Each structure stands twice: as structure tokens, then as C-alpha cells.
2 protein chains.
Amino acid sequence: MSSIPTTSVGIVRPKTLHFDEPLELVSGKKIEQYDIVYETYGELNVAADNAILVCHALSADHHAAGYHNENDSKPGWWDICIGPGKPIDTDRFFVVSPSNLGHCSGSTGPRSIDPKTDKAYGPDFPIVTVSDWVNYQKRLADKLGISQWAAVAGGSLGGMQAMQWAVQFPDMLRNAIVIASAPKLSAQNIAFNAVARQAIMNDPNFHGGHYYEHDTVPASGLKVARMLGHITYLSDDAMGDKFGRELKNEQLNYDYGVEFQVESYLRYQGESFAGRFDANTYLLMTKALDYFDPAEKEGGNLAAVFEKVQVKFFLASFTTDWRFSPERSREIVSALTDAKRDVSYLEFESNHGHDAFLVQNDDYIDAFGAYMENIEVST
Amino acid sequence: MSSIPTTSVGIVRPKTLHFDEPLELVSGKKIEQYDIVYETYGELNVAADNAILVCHALSADHHAAGYHNENDSKPGWWDICIGPGKPIDTDRFFVVSPSNLGHCSGSTGPRSIDPKTDKAYGPDFPIVTVSDWVNYQKRLADKLGISQWAAVAGGSLGGMQAMQWAVQFPDMLRNAIVIASAPKLSAQNIAFNAVARQAIMNDPNFHGGHYYEHDTVPASGLKVARMLGHITYLSDDAMGDKFGRELKNEQLNYDYGVEFQVESYLRYQGESFAGRFDANTYLLMTKALDYFDPAEKEGGNLAAVFEKVQVKFFLASFTTDWRFSPERSREIVSALTDAKRDVSYLEFESNHGHDAFLVQNDDYIDAFGAYMENIEVST
């Protein structure tokens, strides 16, 4: 008997498309050929005007909704928002959810074999930016017969891709859904990424990124990076409520082992992540975050960038998110209103920090759902 | 010609006292004998009622004011607050500033030789707590002929020592000066410390803390720990104002080197710190922070702890401090007022985050000075 909820898209299977036209990157480098792994949920309608592109953040991937098999303990990362009757309603929309170029879950990335050398790319895989991702996603749309997205949607780094779509191909989407995101990283955001990268690159098993050839992985560096990242995803309050100063054991040991539950939790999260994620991809994703700055070409004037964009925006932020605080979303809203664009913005009460965009919250789901219901699609 | 400002205490020399009575620690372990390095500024009066104990935070030491020689580029860490005419006025007060047990700047710590083994203690140096520090500081007071401090003062972890003095030896001080501090670490505070320790302990040069014997130091781990710490000392705003997204070079390189000034700054800070600080001491100091919780013995009721304490308190916090935010100081104030104690509390506007207690700020200096002027001492 299946334990898969009926509100889910059910069992899903990733697909792969191969692209052999070289992709020119912002850096000036290019990727000669590549695979993109993606999932789809729902059906593309005859007019092909009901497609939604879902973009993932740092550590997520193409598996955004549903289950890979009946025994999966958890669904895809945005299952609360994607499915029948959910905000991204798969009874109405056709959802496309790719793993980004540079990732480690099937799409071509540092862990893939470079056909030129027959070895893993490793650190020689070129750094890809949010703009480069939008370019491969455009080609993916072309292959799937989608000439305009009903919406491009994502949270955090995923929201940055939605924003970049609006800037880069303004005629190819009608709505941009930008949740818990920011117009660019702050110095503090960059600083946290720099520390995470340093921890990975310091690991003696990193071998300058060539660890695949040494049949090892920089797990301890990646663990530290993830522990640090994890702190920035949670609110101070949520950590306090969840762990406080609760001890791991009954009494203090006064040694350098784990004393508090929060340490134990973080170590577990770090180890589990290091066991499944690729360190070179982690480096690359943090760099994509660092480089994102769509206003840069207009001398920092984001409103000037949006003036050329006829796309409706839905933005949402969460009160305790200190990685990309509500203030950062308001910067985007402010640029959009200065440019006299059509924007809906909501700030939701939540105790979950940056992770709030991944957590069930009726106000958030209802408001997101109401916005999506108003997107017209052919029947 | 000396470049030493006349507002400074001038050239100072550290002194050392040896203690050969074993110190019993909270952990149940003991330190058989130890040295304490300290500096003094000003003169102890005949009544010996004008002495101020200054307690340092994580990375500072006994050198709180003045210069060690005429070519010193920087004075001691709290020179803005200690000196003739300054809040801790050395024309009125006799200041005692020790390096804590477990530190790496002269007082006995992990880097010292264990007389039992003739080798450095390393990781076998017992973990000392804030309460243990107060105990050695009490012995230091005894040796210096001070039966009651006019005040015990400090910022951050130093403020915790001032609080602990009030709790542990309430009759031995008249005032506790607790700046930018907290009644105990939050889960998030502990989590950041856990990440810093993990980075150090992961370093292959750490050798389980026995790195002295391997003639090496875990510099890269300590560097990451310090980079992370540094982010938590600065406000998001201050980092933004100082660095924003300013580039290190004229253009982006799209590689894993340093792209932004803030990365370069953090790396420099991390490397400089790793060159002068001992990793085992860093671990120990973060543990002392984690364990501090004076209310624990009263089931978390800090007011109940303060009810037994007849000491006047001066507390100060800074608006952009997110390591120990004003809210954390207000928790202490609230416990003191619940216990009907005498407390002055001020919250200062500052852009400098946690580091604000070390930075010149007229409002802060004036208010601190006014409080100190009202402390009566014999002439």
C-alpha cells in the first residue's frame, strides 16, 4: 500500500536532455556540450502557455515535487508549493524543474567527465553565473516547445534566476515569482560564502579540486561549510526554540566533544550533506550567488534595469529570515515600483528564518496560491 | 621623539605572579600551579579601595591600555576607556588587567609546559570556565592587597566575568560593568562556536591538539575560525559601508580566488590572527563562552541569582551588535530590576556591531565616564 499523499504529484522520474551546441558563458569560457536533468509535473497544454519554470537554490536540485519511489521518506524540496490544488497547481500548470549546470545531481558539472580529457572536470569546470543558467534554461524551453513561461519561480538563489529571466528574456515570461531572495549579496553574505569556501579548500582531501582523481572527498571541509550555511538558514529564535541550551547528555563533560544538542544537530546536518553533495559544486554555487548583480550594468540602478521589463512580479519574504531579510526583498520592490512595474509583495510572519520558503505556512501558501490562480492559461 | 599620546597611560610593562596553590576547577580537575601575567595602570591608594579589575574577551589579553614601546602602532585593546581623564580614569583608579588562565600571552595555558610531563599541556590543559577565572582573579586580588574592587569591568566575555564576580564574591566588588554582553549564549552563539572549533580540529596540522610536538600549527583551521568570528563581530551595515561589493581587482576573474575586497579583508584578518594566537586557547575560550550560565544553578532564574547580590551594575549595549544584541543586555537588566537591584543601562547607537565596545563613541565614553566618576574612592 502506497504511503504517498494524494495531494502530491505522485511518483516522478527525472529525464535528461543532451545539448551539443556550445554554451558561451559570462566568464568568456564555454561549455562545449552538456546534459540537463529535469523533472516535469502536470501537462503542457495545446497552446503551450501553462508552463512554469521552477529554479532551485544552492543545495536543492531538479527533484522539486513528488516522490522517486513509494518508500521515499521525503518528497521533492518544494512539494508544499507544487501539486494538485497547491499554489503551483499541477492540474493547471506544466512544471519544468531542471538541475542547474554545474550541479552534482545529474546535470553536467564538476563531477562529470570532460570529453576532452576523459577525466572529471573538477576545478576546471568553468564558473557559471545566474545569467548562464538562464541561457541554458532558455534552450531547455526551446527543446520542450515552450516559447513563453507562464511564470519563472524560485526561492533564494532560485528567486535570483526568476529575476534574471525577467531582465534577460523579458518577452519569454509573464510572471516572475521571487521568494526570500535579494537583488545581490551584501558584504556579509559574501563573507559567509568566503568562509565556507575557505573551509573546503583547506581540507587536505580537496587537492585543489582534483579530489576525484585521488579517490577521496573533502568531506570535513564541506561539513564545516554546511554547518555554517545551516546557521544562516535558521533564525536565532528558531534555533533557540528548537534547542536552547539543551544538553546532548545528562551532564556537562567539560571536554571538546559535543555538549549541546545544537552542536550535535549541526554536525549531523553537516555530515549528511557532505555525504551526498559535491564540494566543487558547492564552491561554484556560492560563486554564482556572489556574482549575481543584475543592476551592475546600469551602475547599480535596479529600477533602470526593470524599466525595460514587462513582467508581473510576485515577491515574498519572511520576518525572521536574516540571510535575505525582508529589507532585501523591499529593495527589489522599491526598484520595481520606481520603474512603475506591476508587483505584489507580501511579508509573512515565520519563525523559520531563510528556510521559511520551504516550510508549510497557511498565509504564505494561500497568498502564493491566490497569485497563481490569477495567471491566465488556455484551457 | 615619542609619538605616544598624552591621554594614554604611556609605556607599560607586564608583570607575572606565580601561584603554587592548586586551583580546583568547575570541571573537577585542577591546575597544580600557574603563572598569571597582568598589567596595572594608576596607583593603588592607601585605603586600597580604588582598584578596578578589567577582564578581557576571547582574543584580547592583559594589554588593555598604553604602549609596550614607543614604536607600538596600537595601544592596548581598551585604551579608549582606560587612561587619565578616560572613563576608567587612571588619575583616580588603580587598574589591574590580567591575561586569563588558559590564554596564550603569558599566563599559563595549553601552550605552557606542564611540569609533570615537561611537555606543553596542549589539549590536556583542563577547560576553564568563567567561574574558574573569577577564582584565580580573587587570588590575584589577595596577592595585590585588594580586598574589594571598586569595580570589575569588561565587554563581551569580559562582561560575563564581571557578572560572575557579582554572583560569586558579591562582597568583593562594589560595581559590575557589563558591556555588550549576554546572560548566556544562545543556541546560535553556540552553533557559531561549534563551527569554529570544527574548522580548527579538522586541520590536519591540529594533531588532536598536540601540534606543538609536531612543530606545526593548525593555521588554516584557526584562520577559518577567525574569519567566521570576525563576521559576527561586525554589523551587516558596517561591512556594507566599508566594503559593499567593491572588487579586489579592476574586474571580475570568474575563478576561485579573491574577487571582493571583503574576502581579501577577512583573509588578512584570519591570517594575521592565526599567526599570533594559539588554536588550543581559541578552543578553550569558546568553551568558556558556551558554558557560561550563572542562572543555571537557580533553574534558569537569573533574578533569583541576583537577589543575593548587593552590587551596582552598569550595562551598555550597541544597536547593531547581533552577536550579543541589546535584547541580551535587557535580559540581564530585567533580571536585576526583578531582583530590585541598582542598575544603569544604556543602549548606544553604533554602526560597529559587537566591536562597538572597543570603538571611540562620544555618547558611550561620556556615559561610561559619568558612571565611573560617581564611584567613590578614598583620597
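Visitor: How many residues of chain B are in contact with chain A?

Guide: 42 residues of chain B are in contact with 41 residues of chain A. Contact here means that the C-beta atoms of two residues, placed from the backbone, lie within 7 Å. A word on the source: this is a predicted model, where local features need pLDDT of at least 70, side-chain atom pairs count only at pLDDT 80 or more, and totals for chains, interfaces and linings use all residues. Residues are numbered from 1 along each chain as its sequence is written, while chains are lettered from A and ligands numbered from 1 in the order in which they are written.

Visitor: Which helix gives the most to the side of chain B that touches chain A?

Guide: H3(B) does, with eleven residues. Helices are DSSP runs (H or I, at least four residues), numbered from the N terminus. Helices H3 (187-202), H4 (219-233), H5 (236-242), H6 (261-276) and H7 (279-291) of chain B each supply at least two residues of that side.

Visitor: What makes the two copies related as by a two-fold rotation axis?

Guide: Chain B can be laid on chain A by a turn of 180° and a shift of 0.0 Å along the axis, with an RMSD of 0.0 Å. The copies are therefore related as by a two-fold rotation axis.

Visitor: How do you know that the copies meet through the same surface?

Guide: 98% of the interface residues of chain B are also interface residues in chain A, so the surface is the same.

Visitor: Which residues of H3(A) meet H4(A)?

Guide: Among them are A:Phe192, A:Val195 and A:Ile200. Their partners in H4(A) include A:Leu222, A:Val224 and A:Leu228.

Visitor: How is chain A divided into domains?

Guide: Domain 1 covers 15-184 + 294-373, and domain 2 covers 189-287. The bounds come from an automatic or database domain assignment. The C-alpha centres of domain 1 and domain 2 of chain A lie 25 Å apart. 23 residues of domain 1 of chain A are in contact with 19 residues of domain 2 of chain A.

How values were computed
Copies are superposed by least squares on the C-alpha atoms of residues with pLDDT of at least 70 in both.
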